[in-house]
Amino acid sequence: MRLKIVQNFDGSFTLEPQVKETLFQLLTSEAFLKQICQNLQCEKVEFTELLFQPVPYSLATPKGMPAAFEKYHESDDYAIINVPPNFMFKAKIFNPSRLCVIYKKIK
């Protein structure tokens, strides 16, 4: 079994305004926010509207995310959540196949 080393990966993408609106409605629904709070054991979370496509692990991206988002990974005040596949399907997002979003924990 051979490993392929990825030197560069273009994680950029664009979402149509209607698709983005549908996705953001799902990500800010009361039930989903409550579920996140239960999992994170915090009182409240706030959607930052920051989203990114996970990228392959490399020397430049050791956390599997664009370098600009690593500060959120290292902070206890934020949580990075994988967008549920059913949300991707409901919003009609097929490319990229995975997205992550960032929530701020409100204490």
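Visitor: In which helix is His 73 found?

Guide: His 73 sits in helix H3, which covers residues 70–73. Keep in mind that this is a predicted model.

Visitor: How is the accessibility of His 73 to be read: buried, exposed or partly exposed?

Guide: The relative accessible area decides. Partly exposed lies between under 20% for buried and over 50% for exposed. His 73 has a relative accessible area of 44%, so the residue is partly exposed.

Visitor: Which residues is His 73 in contact with, leaving aside neighbours within four places in sequence?

Guide: With those neighbours set aside, the contacts of His 73 are Lys 63, Met 65 and Ile 80.

Visitor: How many bridges join E1 to E3, and over how many bridges do E2 and E3 pair?

Guide: E1 and E3 run antiparallel and are joined by 7 bridges. Strand E3 (residues 100–106) pairs with E2 over 5 bridges, also in the antiparallel sense. Leu 50 stands opposite Ile 102 in E3, and Ala 79 stands opposite Tyr 103 in E3. Asn 82 has Cys 100 in E3 as its bridge partner.

Visitor: What should I look for in a nonpolar core?

Guide: In soluble globular proteins, nonpolar side chains tend to be buried together. In this model the largest nonpolar core has 23 residues, and those touching the most other members are Leu 23, Leu 27, Val 83, Ile 93, Val 101 and Tyr 103. At least two residues of this core come from each of H1, H2, E1, E2, helix H4 (85–90) and E3. H1 gives the largest share, 5 residues.

Visitor: Which residues is Leu 23 in contact with, beyond its neighbours within four places in sequence?

Guide: Leu 23 is in contact with Leu 15, Leu 51, Val 83, Phe 87, Ala 91, Ile 93 and Leu 99, those neighbours left aside. There is also a second, separate core of 6 residues, among them Phe 52, Met 65, Phe 69 and Cys 100.

Visitor: How many aromatic pairs are found in the whole structure?

Guide: A search of the whole structure gives 8 aromatic pairs. One of them is Phe 69 with Tyr 72, a tilted pair at 6.4 Å centre to centre and 40 degrees between the planes. Phe 69 and Tyr 72 are both buried. Elsewhere, ring pairs connect Phe 24, Phe 32, Phe 47, Phe 87 and Tyr 103 in a cluster.

Notes. Residues numbered from 1 in each chain as written. Predicted model: local features only at pLDDT ≥ 70, side-chain atom pairs only at ≥ 80, totals over all residues. Heavy atoms only, no water. Pairing = 2+ DSSP bridges. Helix = DSSP H or I, 4+ residues; strand = E, 2+ residues; numbered from the N terminus. Phe/Tyr/Trp six-rings, centres within 6.5 Å; stacked < 30°, edge-to-face > 60°. Buried < 20%, exposed > 50% of the residue type's maximum accessible area, 1.4 Å probe, protein only. Contact = heavy atoms within 4.5 Å. Core = buried A, V, L, I, M, F, W, Y, C linked by side-chain atoms within 4.5 Å.
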